[in-house]
Amino acid sequence: MKRFLIKMRNPEDRKYFLTVLGAKLLGAAAVFGIYFTVKALLHGSSVWADDGTTAPAAAAAPAPAAAAAAAVPAYAGPINTVWVLVTAFLVFFMQAGFMMLEGGFARSRETVNVMLEGIIDTCLCGLLFYGWGFAWMFGSGCGFIGNQYYFLHNIPDTYGTTGVPTLAIFLFQFAFADCTSTITSGAMVGRTGFIGDLLYSVVVSGIIYPILGHWAWGPDGWLNNIQPAAFHDFAGSTVVHTIGGMIALAGAVVLGPRIGRKFKRDGGGPMPGHDMTIAALGTIILWFGWYGFNPGSTLSAMDTLGIARIATNTTLAAVSGGIAAMFYVYPRSKIWDCGTTCNGLLAGLVAITCPCYWVSPFGAICLGAIAGVVVVWGTDLLEYLRIDDPVGAWPVHGLAGVWGTLSLGLFATGQYGAPTPTGADNSAGSIVKGLFYGGGLNQLKAQMIGSACIGGGALIVGFILMYAVHYATGTLRISKEGELQGMDVHEHGGPAYPEFTTGA
């Protein structure tokens with residue numbers, strides 16, 4: 001052990017060790033994926049039994065679930081399906097918001113890079129989620145990973161007891177998965193090589209997100225069985241935003257700051273984005289898409305009161321987050337800062353995503369306002385630690401995601417249970433109640449466990465992934481010459497604005 005520690009002080013030995021370790025981890029991940037695929041293809045698992053002799057496990061629903069499905073009126077299925085598809089389209093449109101937000105906060109010389117990354121990450125995620133992402137996340141298996149529906153083979157007509165076609169659920173959840181990889185890229189703008197982006201995106205969308213997501217959202221995820229209170233994340237403060245934000249933080253640390261980035265403690269400050277117009281417009285597009293993100297997660301248009309409550313809570317958290325961030329920053333800068341206001345608004349949206357079904361409008365205002373302040377604290381912390389996050393991906397998604405998850409254990413009113421295909425289930429066994437409403441600490445403890453396990457897991461594997469790509473392939477960071485020339489010209493053959501002089 002002593003010899004190992006001595007050798008690790010040598011930069012060359014340390015680089016060699018991390019390279020070998022990263023290569024082994026990537027190899028293990030590849031073997032893991034190949035194993036499940038080959039098993040499904042060659043060994044006749046129930047997922048691939050096309051001869052009809054073996055039915056998927058989810059098709060043989062328990063008697064109570066089958067009885068519940070039978071009691072659903074015939075008109076509920078089509079109405080709920082249209083609802084899920086329309087909200088899926090709204091969530092997908094959030095990609096335009098992410099691209100505009102990140103592009104506006106970036107420098108002009110890397111705008112094309114941001115746009116292409118957003119497009120190709122979406123394409124990669126679609127194929128990976130089709131191949132095995134949906135299977136690992138939403139198939140039955142064990143508490144840690146699913147093992148059904150590879151390549152969408154032998155999927156049941158409807159998913160579980162939702163009454164909604166499984167293909168519609170797949171499309172809705174693909175839009176969610178796509179957001180995670182896009183969030184990650186926000187902290188890595190301006191110096192990530194395009195090949196490196198492709199490599200880490202494959203692992204984030206194809207391995208990290210579906211496995212960690214299964215813990216909370218899988219039909220048999222282990223976080224669903226915490227006693228005495230199960231972990232809850234209605235629309236993804238943890239599953240989508242914390243995972244994306246934590247991997248983004250790992251990427252920003254491994255990459256290091258952009259050339260020329262000087263931090264406040266060294267007498268500098270953040271590099272200004274090249275176009276706050278499109279950044280602000282991207283923020284509003286994301287807000288609009290969130291009306292699919294949160295209300296759509298009911299998977300049921302029949303829960304009319306629940307949808308209305310979620311949409312209202314989403315709005316109030318966003319407005320309180322934006323206002324709180326703007327007024328919190330003004331006294332120390334004497335500037336009405338547009339970028340801070342945008343990120344405060346988004347932090348409010350991220351925070352309300354977990355508890356949106358179970359809190360009151362007043363609770364939404366309170367937790368959104370706190371998120372607006374939390375995001376400023378997170379930005380200050382990154383600046384102090386000299387971590388370059390051009391968009392604020394970790395404060396907005398990682399830190400506000402953690403706060404939103406914990407806030408459920410504080411602000412849940414104890415009035416609401418869960419949406420069903422025909423309305424709301426507010427029976428005593430499904431009610432969620434937080435500390436401020438007499439629910440004690442049980443729900444807060446469950447939220448802490450879920451946030452720590454998923455968020456901590458995402459951060460650890462994020463560091464492993466980024467170090468592996470950086471040292472094993474050498475493609476994570478663009479060359480110094482390429483960064484100074486400008487990524488658009490160096491990597492993509494031309495600037496976003498050819499009428500103007502761009503680059504260094």
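Q: Which residues does Met466 touch, not counting residues up to four places away in sequence?
A: This is a predicted model, in which local features need a pLDDT of at least 70 and side-chain atom pairs count only at pLDDT 80 or more, while totals for chains, interfaces and linings use all residues. Residues are numbered from 1 along each chain as its sequence is written, and side-chain values use heavy atoms, with hydrogens and water left out. Taking contact to mean heavy atoms within 4.5 Å, and setting aside residues up to four places away in sequence, Met466 touches Thr184, Met188, Tyr200, Ile247, Ala250, Gly251, Val254 and Leu476.

Q: Is Met466 buried or exposed?
A: Met466 lies in helix α14, residues 442-473, where helices (H or I, at least four residues) and strands (E, at least two) are DSSP runs numbered from the N terminus. A residue is buried under 20% relative accessible area, exposed over 50% and partly exposed in between, using a 1.4 Å probe and protein chains only. Because its relative accessible area is 0%, Met466 is buried.

Q: How far apart in space are Met466 and Leu199, C-alpha to C-alpha?
A: In sequence, Met466 and Leu199 are separated by 267 residues. In space, the C-alpha to C-alpha distance between Met466 and Leu199 is 9.5 Å.

Q: How far apart are the end C-alpha atoms of helix α6?
A: The expected span of a helix is 1.5 Å times one less than its number of residues. Helix α6 (residues 166-186) has 21 residues and should therefore span 30 Å. The distance between its end C-alpha atoms agrees with this, being 31 Å.

Q: How many of the residues of α6 are buried?
A: Helix α6 is mostly covered. Among its 21 residues, the number that are buried is 19.

Q: How are α4 and α5 oriented to each other?
A: Helix α4 (residues 76-105) and helix α5 (residues 111-138) pack with their axes 9 Å apart, at an angle of about 155°. Axes here are lines fitted to C-alpha atoms, for helices over the stretch in contact, and angles run from 0 to 180 degrees between N-to-C directions. Angles under 35 degrees count as roughly parallel, over 145 as roughly antiparallel, 65 to 115 as roughly perpendicular and the rest as oblique. The two helices, α4 and α5, are therefore roughly antiparallel.

Q: Is Arg107 buried or exposed?
A: Arg107 sits in the loop between α4 and α5. Not counting residues up to four places away in sequence, Arg107 touches Gly190, Arg258, Ile259, Met271, His274 and Glu483. Because its relative accessibility is 12%, Arg107 counts as buried.
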